[in-house]
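I opened this structure to go through some helices and a sheet, entry by entry. My notes follow.

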Amino acid sequence: MKTADRMKNVQPSPTVALGNKVAEMKAAGEDIISFTVGEPDFDTPAHIREVAKKALDDGWTHYAPSSGLPQFREAIAKSEGKNGISCDASNIIVAPTKHTLYMTCTALLDPGDEVIIQDPAWVSYEPCATINGAKPVFIDSSKDELHFTPEAIAEAITPKTKMIIVNTPSNPTGIVMSEAELRGIADLAKDHDLIVLADEIYQKILYEGKHHSIASFDGMFERTVTINGLSKAYAMTGWRAGWLIAPPMLLKEISKVQQHSITCIPPFIQLAGIDALENSADDVRGMVTEFKARRDLMHGLLNELDSFTCSKPEGAFYLFPKFKSSFNSMKFAEALLTEAKVAMTPGSAFGLSVDDHVRISYAASREVIKDGVARIAEAEKKGLLG
Ligand SMILES: Cc1ncc(COP(=O)(O)O)c(C=O)c1O
């Protein structure tokens, strides 16, 4: 027996592995504070849960149309219209956001195609390219203050380049891409006939500045797959509901992958999704206000320590500070876990250029944030962090 050769280069998700380790330690009775989790710590708003419960009782428990219920796709089109993406229900496929990424890569990439990815970037872009036989090409953005610049991308484009992945606000950095950066990337995509995959899942978790959807720029809708979802903005990670927006030529191919893989997502969840999109403005505002207060708190506390230099990103719920230590990011994270009982994700999980950073999720209460940083301060004082 033999497994697929192309899987040999694919590593298991480092963030999932770390989450599992923290869960095991907690289950064994250890008092761990975790800043690793990539999900809001709030409950899904009650009115959304009520809609799902009623939909279950009303019998919305069978297959839905593969692309999604028309009424959910219409609500998505309306919501995305506010980002300037002029689409309608026919441009949308509903699926877990991570699966929209996978489907897009499967449908649009051939073996040998090059996919330009920022270093650092969210952990799943590289495997999605590799699983589908494509070659990830990383742009070291450590020299550009972790910004993904058109100039650096232009240098990496070759005749084999097929796709550029952009993610704003970014996981892991929280950085929001400027309109000028996105317009520069759009020009490159048009000049070199490239597809852009725009991951906008943190779009609503924005504290300053403005979100720009690259698909809203002239000539970009026809070459962009925008992915988004309910997980982060509405505290709905477990519901597995997201979507992609694509022009007909790309969507036609992607929908085949949907039809032959997950078929559809549950219809009672899609009805709850409509409620999330249409009736949650206050809930989202409340969560974002709290995230902002936590960002400011965590940022201030970390910068009081000797070990961290931390900038203040405009979006998502992550800080991505540089640390001062003789350790690399994995050893530093291990020392934090062992000596301070605080879990953070090593920068190396997100790229080779950021082995002197850690990712901190501040989707945790203010008390937990204060307690966690106090523990780090203690370990730092004892000289235990390298
Ligand atoms: C940047 C980014 N894109 C996509 C996803 C996938 O979201 P979901 O869990 O809803 O599939 C995540 C989840 O962590 C993410 O951080």
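**Helix pair**

I looked up α11 (residues 329-340) and α12 (residues 366-381) and found that their axes come within 10 Å and cross at roughly 100°. The model is a predicted one. I count crossing angles of 65 to 115 degrees as roughly perpendicular, and α11 and α12 are therefore roughly perpendicular to each other. I then listed the residues in contact: α11 contributes Leu336, Glu339 and Ala340, and α12 contributes Arg375, Ile376 and Ala379. Sorted by class, the contact of α11 with α12 holds 4 nonpolar and 2 charged residues, and no polar ones.

**Sheet**

In what order do the 3 strands of the open sheet run? I read the order as β10-β14-β13, with antiparallel pairing. The edge strands, β10 and β13, each pair on one side only.

I went through the partners of β14 (residues 358-361) next. β10 (residues 318-319) pairs with β14 in the antiparallel sense over 2 bridges, and leucine 319 is opposite isoleucine 360 of β14. β13 (residues 345-346) is also antiparallel to β14, over 2 bridges. There I noted proline 346 opposite valine 358 and threonine 345 with arginine 359 as its bridge partner.

**Helix α10**

I checked the length of α10 (residues 281-304). Its 24 residues reach 35 Å from the first C-alpha to the last, close to the 34 Å expected at 1.5 Å a residue. I listed its buried residues as Val284, Met287, Val288, Glu290, Phe291, Arg294, Arg295, Met298, His299 and Leu302. For reference, an α-helix has 3.6 residues a turn, so residues three or four places apart point the same way.

Which elements are included in what covers the buried residues of α10? I found β9 (308-309), β10, β14 and α12 among them.

**Helix α4**

At 1.5 Å a residue its 12 residues should span 16 Å, and the end C-alpha atoms are 17 Å apart, which agrees. The buried residues of α4 are Thr97, His99, Thr100, Leu101, Met103, Thr104, Cys105 and Leu108.

Methods: Residues numbered from 1 in each chain as written. Predicted model: local features only at pLDDT ≥ 70, side-chain atom pairs only at ≥ 80, totals over all residues. Heavy atoms only, no water. Helix = DSSP H or I, 4+ residues; strand = E, 2+ residues; numbered from the N terminus. Expected span 1.5 Å × (residues − 1). Buried < 20%, exposed > 50% of the residue type's maximum accessible area, 1.4 Å probe, protein only. Axes fitted to C-alpha atoms, helices over the stretch in contact; angles between N-to-C directions. Parallel < 35°, antiparallel > 145°, perpendicular 65-115°, else oblique. Contact = heavy atoms within 4.5 Å. Nonpolar A, V, L, I, M, F, W, Y, C, P; charged D, E, K, R; others polar. Pairing = 2+ DSSP bridges.
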